[in-house]
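Open the model in your viewer and keep the selection tool at hand. We will go stop by stop, starting with a pair of helices.

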2 protein chains.
Amino acid sequence: MIKNSEPTIHDIARELNISASTVSRALNDNPRISLKTKEKIKAVADAMGYRPNTLASNLRNKKSNTIGIVVPLINRHFFSSVISGAEDVAFKAGYNVVISQSNDLADKEINIVQSMFSNRVDGLIISIAMQTKTFDHLKIFRKKNIPLVFFDRAVPEIETDKIVVDDFAGGFRVTQHLIDQGYKRIAHLAGTQNLMTYFDRKKGYLEALRKNNIQFDESLVIINTLTSDEGVSAVQQLMELKSPPDAIFCGNDTTALSAMIFLRDKGIRIPQDIGIVGFSNEPFSKVVSPSISTIAQPGFQMGQKAAELIIRQIETKERTFQTIVLPTELIVRESSSRRSF
Amino acid sequence: MIKNSEPTIHDIARELNISASTVSRALNDNPRISLKTKEKIKAVADAMGYRPNTLASNLRNKKSNTIGIVVPLINRHFFSSVISGAEDVAFKAGYNVVISQSNDLADKEINIVQSMFSNRVDGLIISIAMQTKTFDHLKIFRKKNIPLVFFDRAVPEIETDKIVVDDFAGGFRVTQHLIDQGYKRIAHLAGTQNLMTYFDRKKGYLEALRKNNIQFDESLVIINTLTSDEGVSAVQQLMELKSPPDAIFCGNDTTALSAMIFLRDKGIRIPQDIGIVGFSNEPFSKVVSPSISTIAQPGFQMGQKAAELIIRQIETKERTFQTIVLPTELIVRESSSRRSF
DNA sequence: AATAAAAATGCAATCGATTGCGCATTTTGC
DNA sequence: GCAAAATGCGCAATCGATTGCATTTTTATT
């Protein structure tokens with residue numbers, strides 16, 4: 001008679017006329033089982049094509065061996081790099097990784113996070129959506145003491161491990177660099193200010209202006225969600241000013257690129273007439289022409305570190321949280337190198 | 001007294017002095033429970049912050065509500081697009097998605113697939129690793145009748161749903177296009193031939209040559225794994241031929257780019273001296289200079305379709321498999337547009 | 001050989017949700 | 001007014017693996 005369902009430890013036990021407990025212990029290399037019995041059991045398990053049912057095991061152990069990762073959009077180089085790094089570390093440590101994308105929508109994020117909770121993930125790694133403004137769905141994790149790690153876009157009011165880049169220093173360096181290149185009126189295309197990342201980049205920008213005794217001009221800062229289209233309209237708006245900028249620090253590479261293309265089509269030369277700097281070091285920034293100066297964010301590393309942090313939280317009871325600030329690196333390329341042209 | 005663990009249906013039942021069965025049925029909107037009782041139960045469940053334990057439910061139902069996705073590398077635009085599309089559809093249909101990357105290694109792929117099996121995924125969507133040459137780990141899925149869908153890199157000998165692009169037509173069109181542009185000696189940088197995708201691209205290349213009565217020259221075809229570095233060394237090798245090519249059909253955009261940069265550094269003009277075409281329409285191909293002609297592969301769509309197929313397999317018993325061939329689109333850009341320069 | 005000590009294995013409950021079957025109560029029909 | 005049908009709910013088993021405690025078997029000691 002053929003059993004059409006998967007063999008279980010009970011099937012193995014029946015086969016050998018022993019108890020399921022023994023089989024379980026043998027397969028888990030419990031020292032209480034003799035070597036001889038273990039070998040016999042493993043042989044039969046192999047022969048029957050036995051594969052443990054992780055669901056059952058997880059239920060019993062109250063542990064899913066799974067780490068949840070939530071990103072705004074999988075299909076973005078920075079985020080997929082983070083995922084890639086996290087997956088790498090997690091897998092090696094014996095964890096599975098479930099991934100969802102919020103599409104930068106608060107509702108979907110809440111939905112996802114609750115679903116992951118129901119699935120009893122052992123920990124959650126998340127970079128919050130642009131749109132998210134309340135954080136009850138995440139505070140629950142802290143309240144229930146379920147490991148939680150923020151990366152890149154963290155929530156200040158929730159105390160837990162965080163891994164971010166030094167956005168302030170990044171913003172500062174970009175601006176200082178533009179000043180050093182002789183640009184005088186430096187505009188900033190900023191992202192939504194409820195996200196610390198964009199907030200800090202702007203703060204860095206402001207600080208650099210202040211340090212160099214440059215009067216801050218409010219009309220030179222535009223805040224939006226940094227899509228390609230919005231990059232264009234923002235630049236359009238900037239160029240219509242009585243006194244347009246001669247450099248633009250764009251909040252990301254996407255807008256830097258769209259801005260650049262827009263300006264080029266208008267016959268404006270980059271970097272001679274206008275200098276451009278982006279943020280994130282997307283792969284294309286290096287290969288476009290002119291290549292785009294930008295700030296490198298080590299996504300893969302960040303993912304690795306995030307996974308390490310969450311695993312530490314999962315596997316140790318201690319809860320002393322750290323905020324790791326990865327250094328930013330300014331990559332100077334053609335789009336802002338006026339001096340050398 | 002504070003319970004530090006999660007509330008269960010038993011806790012709710014105790015609270016209301018009813019049975020757990022009733023609670024379970026009420027929460028699942030079973031018609032056998034009266035409306036009044038249902039409401040009472042739902043109110044208490046809410047008040048206690050009850051969240052169903054998916055693990056327990058899944059164990060009982062022998063269903064994980066999870067779809068596994070295995071890709072060579074998450075951190076690659078085409079694959080992350082596929083994931084993004086699949087995640088989108090799956091999530092809307094109430095499925096979770098677990099993702100792993102094989103890093104194009106056979107061993108890791110086998111490991112991952114077995115782990116997913118142990119986790120009892122309801123179905124598996126996979127694009128096999130370059131290195132993978134045996135397929136027992138996947139045949140098991142078919143044997144046990146667990147839904148399986150291949151995308152992009154499919155295994156011919158396993159009968160199941162597949163969704164691929166028309167690589168043959170793609171290879172053909174690229175080659176024909178180069179011929180139409182007046183290129184005479186067209187080289188091909190091909191990927192490992194055990195993958196149908198690369199095999200078919202080459203077949204398309206050969207067929208185009210044949211149709212145009214161009215003698216096939218073996219020295220013009222180089223097979224490797226299409227990394228950036230290998231692109232360089234392949235081109236180097238080609239340029240050292242007594243009679244070097246005047247056009248190169250690269251198996252992917254990565255090698256197209258690295259080849260282009262190498263040639264440019266040598267003072268060779270593109271597309272005037274040598275025409276270049278890539279494959280996959282990576283984001284950078286559009287924005288580099290010169291922009292790279294390539295073949296568009298609709299990754300996001302492919303992911304959506306793959307998810308639809310797997311869900312169909314999961315939710316219906318029928319097993320009539322289809323192979324969906326998505327059309328390829330040739331995108332002509334600067335790197336191969338000799339006529340218009 | 002008898003007994004203590006150590007080693008190997010089994011019993012049965014548990015994790016939390018689901019469900020077939022059955023019992024009790026209420027409603028319906030004539 | 002009473003049998004029949006319908007309604008509402010509970011009991012207990014189940015999914016497969018794990019584990020504290022109990023029991024059996026083996027080994028060591030005198």
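**Stop 1: two helices in chain A**

Select α2(A) and helix α3 (residues 35–48) of chain A. They pack at an angle of about 90°, with their axes 9 Å apart. The axes are lines fitted to C-alpha atoms, for helices over the stretch in contact, and angles run from 0 to 180 degrees between N-to-C directions. α2(A) and α3(A) are therefore roughly perpendicular to each other. (Angles of 65 to 115 degrees count as roughly perpendicular, under 35 as roughly parallel, over 145 as roughly antiparallel, and the rest as oblique.) Helices (H or I, at least four residues) and strands (E, at least two) are DSSP runs, numbered from the N terminus.

Now show side chains. T22(A), V23(A), A26(A) and L27(A) in α2(A) meet T37(A), K38(A), I41(A), K42(A) and A45(A) in α3(A). Contact here means C-beta atoms, placed from the backbone, within 7 Å. The contact of α2(A) with α3(A) has 5 nonpolar, 2 polar and 2 charged residues. Ala, Val, Leu, Ile, Met, Phe, Trp, Tyr, Cys and Pro count as nonpolar, Asp, Glu, Lys and Arg as charged, and the others, Gly among them, as polar.

A note before moving on. This is a predicted model, where local features need pLDDT of at least 70 and side-chain atom pairs count only at pLDDT 80 or more, while totals for chains, interfaces and linings use all residues. Residues are numbered from 1 along each chain as its sequence is written, and chains are lettered from A and ligands numbered from 1 in the order in which they are written.

**Stop 2: the DNA**

Select DNA strand D. How many residues surround DNA strand D? There are 27, and the closest are T8(A), S21(A), A56(A), S21(B) and T22(B). (Near means that the C-beta atom, placed from the backbone, lies within 6 Å.) The elements giving two or more residues to this surface are α2 (20–27) and α4 (54–61) of chain A, with α2 (20–27) and α4 (54–61) of chain B. The largest share, 5 residues, comes from α4(A). By class, the surface near DNA strand D has 8 nonpolar, 13 polar and 6 charged residues.

Switch to DNA strand C. Of the 28 residues around it, I18(A), S21(A), T22(A), T8(B) and S21(B) come nearest. Here α4(B) gives the most, with 5 residues. The classes are 9 nonpolar, 13 polar and 6 charged.

**Stop 3: chain against chain**

Colour by chain. 35 residues of chain B are in contact with 35 residues of chain A. On the chain B side, α4, α5 (77–92), β2 (96–101), α6 (106–118) and α12 (283–287) each supply at least two residues. That side divides into 17 nonpolar, 15 polar and 3 charged residues. 100% of the interface residues of chain B are also interface residues in chain A, so the copies meet through the same surface.

Next, superpose the chains. A rotation of 180° with 0.1 Å of shift along its axis puts chain B on chain A, with RMSD 0.1 Å. The two copies are thus related as by a two-fold rotation axis.

**Stop 4: domains and backbone details**

Colour chain A by domain: domain 1 (9–52), domain 2 (64–164 + 299–326) and domain 3 (167–297 + 330–336). These bounds come from an automatic or database domain assignment. The C-alpha centres of domains 1 and 3 of chain A lie 64 Å apart.

Zoom to P290(A), in the loop between α12 (283–287) and β10 (294–296) of chain A. A cis peptide bond joins S289(A) and P290(A), with omega about -5°.

Finish at K62(B), in the loop between α4 and β1 (66–71) of chain B. K62(B) has a positive phi of about 50° although it is not a glycine.

Conventions
Copies are superposed by least squares on the C-alpha atoms of residues with pLDDT of at least 70 in both. Two residues are in contact if their C-beta atoms, placed from the backbone, lie within 7 Å.
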